[in-house]
Amino acid sequence: MDLITAVIILAVLGLVFGGMLGFASIKFKVEGDPIVEQIDEILPQTQCGQCGYPGCKPYAEAIANGDEINKCPPGGEAGVKALADLLGREVIPLDEERGEEKPPSVAYIREDECIGCTKCIQACPVDAILGAPKLMHTVIIDECTGCDLCVEPCPVDCIDMVELPQTISSWKWQQPDQMIPVKELEAS
Amino acid sequence: MEHSNPTPKSRASEIPIYEIPGGIHPEEHKTRSNQADIRSLPLADELVINLKGQAGNRSLPVVKAGDTVLKGQVIAECDGIFSAYQHAPTSGEVIAIENRTIAHPSGLDDLCVVLKPDGKDQWCELSPVTHLEDMDREAVLAQIFEKGVVGLGGASFPSHIKLKQHEGIHTLIINAAECEPYITCDDKLLQEHTKDVLLGAEIISKLYQDIDIIIGIEDNKPQAIDAIKQARQELGLSNIKLGVVPTKYPSGGEKQLIQLLTGKEVPHGKLPADLGLVMHNVGTCYAIQQALTEGKPLVERLVTLTGDNCKEPGNYWIPFGTPVEHLIQATNSETPKRLIMGGPMMGYELPSAEVGIVKATNCIIMSADGELGMDQTALPCIRCGACMDACPASLLPQQLYWHAQADEFDKAEEYDLFDCIECGACAYVCPSHIPLVQHYRYAKSTIRNNRVEKIKAEKARERYEARQERLERVKREKAERHRKAAEARKKAAEEAGKKDPKKAAVQAALARVKAKKEAQQSDTNEADQSKADDNNSEGNN
């Protein structure tokens, strides 16, 4: 008799907890992988593909699956540091093969040389180039991420990457010198 | 935080005065510039009017090179509401609209209107308001807006925006504290144009219902206090109360003066308006009075010229755009070692003497070698905590310094970096001469830039995802069309096959050609469509 009671009790408990777990798995389901989202937040969203993946999101997924965190030149050292902080990994220097950290720049189409082939429009990952077949194209500077991807496909080489000039609104204060002053004493 | 026991430190004050934490007592150096009467200087050969001379958007020029303008004529309009009108400071010819070095710590160029005075200083037709009592709130605000009035206390915040909110405002505070060393322009303005300033305050108070007016002034300005008392009696403005606060830097900071006069602290992330308070500088009151009763736009301001190298220190009416170089020459001064715009505590070193005076310029210090003691090299922090005792905002300057210099911006923000008013009291007391404020400015501007970049990245992500989605959709639709075409073909062939096998073969061939044509057609359409999508999405963003 005792044996049967014990079995019944355990069976009932098992059903109850199983039900609760089942309910929780539906009710509190996590859409997507939150760590991928967090990594994607840190990446600069230039969508340049220098990391070897077709965009920032795919690279974020790759990092979540164990890829190195130093393949993003636009993110720079600061980006690597932020990723290392997030993932609890070592800070490593940028992978030089992927390119180097460059000052922010945008694409500029020399408009009288443009033949209107739409190749750059197709290459632009963020739809920042405006134009139509056989008509001049132009870059919407505010939307351009400076990814370089439009430069290569251009058959007449009329796209330049131009460094963004510093303006009053983009200017920032410099950090004061951190050096501990060293005074050289004259030999007597 | 409200103090239960107000400390009546100054007998002259008509309202109870509370205390603020921290603060310092630097040497005042005020007597050298507040002895002489207000003067004017001869006009400069060229005025360089900075179009970004106010907080907010750059004004849009409405004149072009070659135009002749009269004094007070509009030369630049507002770009949106958060901007200000600019007027010609004198009559003459616009010789260029070009990038010039502007009064900004960066030393960068920005768009300026360059005006060559004709020497006549001829006003355009002015439109003073005759029946002020009959004007409604909106009309008064419009007049203030059109006359280009901005806050003259230092931040150049457009006055019409500050005055817009009126619900729940119960106290108007006129800031006459002028706590920073060297500067005396508000003091002199109050002494010589007392009535105009009080009338300006009266005009502002009419914009609100049942409002108290308090003039907050430091007790080191007895002449100005007497002048206010006398003018108040003569004008019969008994509703204006004097709040005389003890001399201590930085009691003239907006939040500090509010705390001194009301005992209330403006909470983190809130505005004085949330406490029912609005504050204007005495210079702004004067400018508002001039804009309404005289119809004069804001084209000049009172500027304190001082410093060891200034040979005729004092307060001068300076038209906007006057190059600082001209001020040095006109006062027969020696070439300054350092040229500071603003006071010694919160001002900044000018990148060049060619920059023009802007609406925010309250003082120019032409300093001699070693006068301002900025050459000392920074030594390591000894963790004495003196900065903490001096901080008027009750922050932990040392903690902020550690985080700022280590680029730990999120931690600096946790310690309320953005509540720092950059008064410089901490750096003043630092025995190691650490340029603390510069560290905070570095951290603040980096955080601001990072925020802008974050927004840009977010936008790029959205556009990238939208594009991916579009490409997916186009692909799907193409596949769908092909599938439908194939089905139609098959069906046609089957139907034909039922009647006559020979005919069916011919029909099937025809159907194939037709389907192919259709597919081609739809492909080109689709290409056009995707182009159109491209354009649309760009246009929309």
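## Helix α5 of chain B

In this predicted model, helix α5 of chain B covers residues 194–205, and its 12 residues should span 16 Å at 1.5 Å a residue, which agrees with the 17 Å between its end C-alpha atoms. The expected span of a helix is here 1.5 Å times one less than its number of residues, and helices (H or I, at least four residues) and strands (E, at least two) are DSSP runs numbered from the N terminus. Of the 12 residues of α5(B), 10 are buried, so that the helix is mostly covered; a residue is called buried if 20 or more other C-beta atoms lie within 10 Å of its own, exposed if 12 or fewer, and partly exposed in between, with C-beta atoms placed from the backbone. Among the buried residues of α5(B) are Thr194(B), Asp196(B), Gly200(B), Ile203(B) and Ile204(B).

Residues are numbered from 1 along each chain as its sequence is written, while chains are lettered from A and ligands numbered from 1 in the order in which they are written. Since the model is predicted, local features need pLDDT of at least 70 and side-chain atom pairs count only at pLDDT 80 or more, whereas totals for chains, interfaces and linings use all residues.

## Nonpolar cores

A nonpolar core is defined as a set of buried Ala, Val, Leu, Ile, Met, Phe, Trp, Tyr and Cys residues joined through C-beta atoms within 7 Å. The largest such core has 123 residues, and those with the most contacts inside it are Ile173(B), Ile288(B), Val303(B), Ile364(B) and Leu436(B). Helix α8 of chain B, residues 282–294, gives the most to this core, with seven residues. A second, separate core of 19 residues includes Cys48(A), Ala107(A) and Val139(A) together with Ala460(B).

Two residues are in contact if their C-beta atoms, placed from the backbone, lie within 7 Å. Leaving out residues up to four places away in sequence, Ile288(B) touches Gly200(B), Ile203(B) and Ile204(B), and also Ile144(B), Val149(B) and Ser159(B); Gly200(B), Ile203(B) and Ile204(B) are among the buried residues of α5(B).

Strands count as paired if DSSP finds at least two bridges between them, and β2(B) pairs in the antiparallel sense with strand β8 of chain B, residues 109–117, over four bridges. In β8(B), Val113(B) is the bridge partner of Ile49(B).

Glu19(B) lies in the segment before α1 (31–34) of chain B and is partly exposed, with 16 other C-beta atoms within 10 Å. The C-alpha atoms of Glu19(B) and Gln259(B) are separated by 7.1 Å, although these residues are 240 residues apart along the chain.

## Contact between the chains

The contact takes 29 residues from chain B and 27 residues from chain A. On the side of chain B that touches chain A, the elements that give two or more residues are α14 (436–499) and α15 (501–540) of chain B, and the largest share, 13 residues, comes from α14(B). By class, this side of chain B has eight nonpolar, 12 polar and nine charged residues, where Ala, Val, Leu, Ile, Met, Phe, Trp, Tyr, Cys and Pro count as nonpolar, Asp, Glu, Lys and Arg as charged, and the others, Gly among them, as polar.

## Annotated cysteines of chain A

For "binding site", an unreviewed UniProt entry lists Cys48(A), Cys51(A), Cys56(A) and Cys72(A); these are spread over 25 residues of sequence but cluster in space, with a largest C-alpha distance of 9.2 Å. UniProt positions are given in the numbering used here, feature names are shortened, and annotations may be inferred rather than shown by experiment. Cys48(A) is found in the loop between α2 (34–42) and α3 (56–64) of chain A and is buried, with 20 other C-beta atoms within 10 Å. Cys51(A), found in the loop between α2 and α3 of chain A, is buried with 25 other C-beta atoms within 10 Å, and its contacts beyond four places in sequence are Tyr59(A), Lys71(A), Cys72(A) and Arg98(A).

The unreviewed UniProt entry also places the feature "binding site" at Cys114(A), Cys117(A), Cys120(A) and Cys154(A), which cluster in space with a largest C-alpha distance of 10.5 Å although they are spread over 41 residues of sequence. Cys114(A) is found in the loop between β1 (105–109) and α5 (119–123) of chain A and is partly exposed, with 18 other C-beta atoms within 10 Å. Cys117(A) is found in the loop between β1 and α5 of chain A and counts as partly exposed, with 16 C-beta neighbours inside 10 Å.
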